[in-house]
Amino acid sequence: WSRPTMDAFVVTVDFHKLPDQTLCAAKRSILAKRGLKESYPVAGTLQPELLDAVRILHMTELELYFLNEESALEPTPRTQMNSLVYLFKYFRDNRDALLQAASMIPNGVSLLDTTVASLNAECDAFIRLQTPQTPIKRWLLRESDPSAVAFHEWIQHEQVEARVEIADFELTGRGLAAAKEIGRNEVVLRLPWKMIFSVHKAMESPTVGEIFKQLELDEDSVLMAFTLYERFVNYSESYWRPYWDALPTTVDSGLFFTAVELDTFLDSNPLQMEIINMREHLLQTYEALIPPLCEKFPEVFPADLMTWENFVWVRSMFDSRGFHLDIQGKTYNCLLPLVDFLNNHNITMLEGSGILQEPARDYVIRTLVPLHPGQQVFMNYGSFSHRELLLFYGYESNGGECNPYDVYPLELEVPDDDGYAPTRSAVLSKVGLSTEHSLKKNKPIPRRLLATMRVFLTPSAKLAELMGSQDLAAVEKTIFSNLEKDVEAISLVQTLVSALKENVESLSPWAAGHAEVPEEFVGNERARLA
């Protein structure tokens, strides 16, 4: 046993746990340039420097790409939430060790308590300011909605611990509301392992488990085939029948766009081809998996129920409602009944996306802030752009306003007017640049994009000098800090953006107001999203 010291009375920012070592090195470099550290003493308040260090830990590669090294950090809502959750968990999970260290320090316990209170106040203020008010239109269970009642009876029978209830909200539709006062760090939902729909249940099935083992299919194929079987073949006897009845029959996602809708609203748009390719890939998967299964085991997998249309529905359920759970160190795609009724928002009131608690393997999710009866409970699905939300979820965020995750990707071509394209590509690689870049609304031109443009504009003689130099720091300074070519570089970006803008406007006559929506598509949600 070692005597606690001041060294133990700290908050540690775990950069060493990042799996991507290249990304870890980049983040540590930013940390050093900003004069920040990887640990801070518990000081009685939530120090801005500590919060910035944790924000850098949680920034995505795309956020780092747009980061201006001279300006203040501007984390996305998800990064800010992840940072607050990280600190919240740190103080909760390390409380015993921190209290032991605090007992050896004058006013240590008071410092710890006031720091935690400061963190809680930061969480409350951030969530309260950012979360929309969504009044309840009706409580589905209280108004005896048949599918909601059957689903609720199933949940009660399986002894699900739930402090939420299904409701229909203005703006967001069906979701979950707090059924009672819920305190901070309290369990919102506890789902028993038995109810979690995963590949494990497929392999344990007394009817089809042995078939899947015999065929040695990959996990995703097993999951798709098992869902088809349980939802459409074994429906009347399925353990999950109340859940199937509570799910939507369609989703306004890319998979459900008709050929007419694609031609009318996304003609020549890159999204049109993306949706077509996505459907073709799914069709290939279906044809390789389902018809052979039906042919070999016709009594178990009848072809008239294992249809392409049903397969599309299954895929869309996992795209729009699936959870990736860590089960004994491996990630699995799962469906979580009731939990998947939580609507998405950039700001969540919950502590992440929940975990499996061993040894029972119950799924548990807790609150980050207190919740009041009738308040809608949001979860954050991820850092999704409007394009991704349309493709996989069939809705848009923030009423179509600026999405912090929307970017315009650029794939540049290395100029070869003077025959030096290979040398330019080599110089880009030497300093860690590529031809893949992005633009973002209300953001300056990224420094990496400008640096790439400088390489494009560099004369051949200078390129040879840069390639031959052994002084990497000097080469990086020339490419990232030399302003000599910036007028030309910025002009090149402006020309590129003007061409892109003209192209985008020509592809979006409905959004730009240049054309009226045909009468037959009025009220069509997919048309509105497109």
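Is Trp154 buried or exposed? Select Trp154 and find out: at 7% relative accessibility, Trp154 counts as buried (buried means under 20% relative accessible area, exposed over 50%, partly exposed in between, with a 1.4 Å probe and protein chains only).

Before moving on, some ground rules. This is a predicted model, in which local features need pLDDT of at least 70 and side-chain atom pairs count only at pLDDT 80 or more, while totals for chains, interfaces and linings use all residues. Residues are numbered from 1 along each chain as its sequence is written, and side-chain values use heavy atoms, with hydrogens and water left out.

**Stop 1: around Trp154**

Show helix 7, residues 146-157, where Trp154 sits (helices are DSSP runs of H or I with at least four residues, strands are runs of E with at least two, and both are numbered from the N terminus). Leaving out residues up to four places away in sequence, Trp154 touches Met195, Tyr239, Trp240, Pro242, Tyr243 and Pro337 (contact means heavy atoms within 4.5 Å).

**Stop 2: the cores**

Next, select Phe151. Setting aside neighbours within four places in sequence, Phe151 is in contact with Ile166, Pro242, Tyr243, Ala246, Pro337, Leu338 and Phe341. Phe151 is also one of the residues that touch the most other members in the largest nonpolar core, which has 125 residues (such a core is a set of buried Ala, Val, Leu, Ile, Met, Phe, Trp, Tyr and Cys residues joined through side-chain atoms within 4.5 Å). Helix 13, residues 270-296, gives the most to this core, with 9 residues. Apart from it lies another core of 23 residues, including Met453 and Phe480.

**Stop 3: helix 4**

Colour residues 77-93, which form helix 4. Since 12 of the 17 residues are buried, helix 4 is largely enclosed by the rest of the structure. Its cover includes strand 1 (10-12), helix 2 (48-58) and helix 6 (108-130).

**Stop 4**

Finally, show the open, antiparallel sheet of 3 strands, in the order 3-5-6 (two strands pair if DSSP finds at least two bridges between them). Strand 3 (136-139) and strand 6 (173-178) stand at the edges with a single partner strand each, so one side of each lacks a neighbour in the sheet. Strand 5, residues 164-169, pairs with strand 6 over 6 bridges; zoom in on Phe169, whose bridge partner in strand 6 is Gly173.

Terms used: The expected span of a helix is 1.5 Å times one less than its number of residues.
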